[in-house]
Amino acid sequence: MNSLTRSLGFMIFAMLLLALFGPTSRPVASETFPTEAAETGEACEFAANGLIMWSPAEIECPICHTKNVFMVWDSYGSYIYQFPSKYQLVFWPFIDGQSWYSCKKCRYTAFMGDFENVPKDKIDELRKMLEGVTLPAQPTRSEADSRLRPPYLEIPTSQRLLVVEKVKRLLGETSDDYWNHFYRVVGYHLDEETKKTEADEARTKSLAITERLLADKANDGRRKELLYIAGAMRHFLGDDKAALKNFEEAGTLSYSMKDLPPEQNKNYNEYLSSVIKEYIKLLHSGKGPRSRNPVAFIDGNL
């Protein structure tokens with residue numbers, strides 16, 4: 001199962017759990033989002049984005065067997081689905097730079113849920129490819145200091161994502177859904193780093209893939225979601241007229257996937273309906289998340 005499939009299943013599953021039980025910790029979602037090789041009882045925990053809790057763990061690189069200190073998540077809450085990134089249909093943990101691991105020695109880089117899952121028959125090929133990869137050197141720190149300031153976080157997320165793309169291509173990832181999501185994530189991080197031209201290029205790629213998916217009748221059950229993605233990318237690319245058209249059509253549809261239980265379809269459909277209404281209201285008022293006020297959006301002050 002690739003990381004995007006896990007993400008969608010995890011998102012819908014977690015939204016249902018959160019509605020019923022409140023905040024989620026790592027063990028609750030273990031069947032849909034793999035836990036990392038974290039040590040228990042860490043002395044230091046980190047909080048970011050409200051109540052999201054992270055802790056440092058020593059994880060071995062599957063390519064060169066170097067031990068790195070990376071951050072692993074411990075808990076989160078339903079607020080993650082109201083972060084402004086919802087207006088690009090990307091969610092935590094993909095929007096958090098801590099989630100994108102990069103080995104300090106060989107520069108192997110991957111999403112935290114994928115980092116250790118490398119086919120053995122691809123390791124030599126990956127090792128050779130990584131010899132030609134350029135990333136800023138990670139600072140040398142003691143193990144104790146690395147747990148307080150993990151060196152991989154010194155590398156801009158967008159640069160790490162460039163390596164992720166090379167790795168996934170070499171590993172044979174061809175899914176349109178994977179790359180659609182990936183380029184939205186890339187666009188998000190480039191935007192956060194104020195690299196608008198590069199962000200536009202990533203979003204243009206996502207939009208092209210979305211249009212291809214929309215043209216496939218097999219995707220009619222998720223047309224609502226795909227139109228939302230297309231509208232979001234058009235808005236961030238500056239075409240609000242076309243974005244509004246996408247959102248208005250999406251608002252007339254229902255999300256329904258045969259391989260999902262009815263309750264999950266219902267919850268996700270209602271979530272999409274909610275953010276579509278927000279988007280339409282924003283665009284009719286002449287503003288939008290492209291020039292966002294994150295606090296206002298999170299608080300619902302549209």
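1. Cys103 is buried, with a relative accessible area of 1%. This value, like the others below, comes from a predicted model. Cys61 is buried as well, and its relative accessible area is 0%.

2. Do these cysteines pair up, or do they stay apart? A search of the whole structure finds 0 disulfides. For Cys61, the closest cysteine sulfur belongs to Cys106 and lies 3.6 Å away, which is too far for a bond. Cys103 is likewise in no disulfide; its nearest cysteine sulfur is that of Cys64, at 3.5 Å.

3. In soluble globular proteins, nonpolar side chains tend to be buried together.

4. Arg234 deserves a separate look. Arg234 is found in helix α7, which covers residues 223-236. Is Arg234 buried or exposed? Its relative accessible area is 18%, and Arg234 counts as buried. The cut-off for buried is under 20%, so the value of 18% falls within it.

5. What does Arg234 touch, leaving aside its neighbours within four places in sequence? Its contacts are Leu207, Glu211, Asp239, Ala242, Ala243 and Asn246. With Glu211 there is a polar contact between the two side chains, at 2.5 Å. Leu244 is 10 residues from Arg234 along the chain, and the C-alpha atoms of the two are separated by 9.0 Å.

6. Some totals give the setting for these details. The protein has 302 residues, of which 53% count as buried. It contains 10 helices and 6 strands. The protein exposes about 14100 Å², and carbon and sulfur atoms supply 52% of that area.

7. A last point concerns contacts along the chain. Taking contacts between residues at least 6 apart in sequence, 65% join residues at least 24 apart.

How values were computed. Residues are numbered from 1 along each chain as its sequence is written. This is a predicted model: local features need pLDDT of at least 70, side-chain atom pairs count only at pLDDT 80 or more; totals for chains, interfaces and linings use all residues. Side-chain values use heavy atoms; hydrogens and water are left out. Helices (H or I, at least four residues) and strands (E, at least two) are DSSP runs, numbered from the N terminus. Buried means under 20% relative accessible area, exposed over 50%, partly exposed in between (1.4 Å probe, protein chains only). Contact means heavy atoms within 4.5 Å. Accessible areas come from the Shrake-Rupley method with a 1.4 Å probe; for residues, only the protein chains shown count as cover. A disulfide is a pair of cysteine sulfur atoms within 2.5 Å. A polar contact is a pair of N or O atoms within 3.5 Å; within protein, one must be able to donate a hydrogen and the other to accept it, and residues adjacent in sequence count only if both atoms are side-chain atoms.
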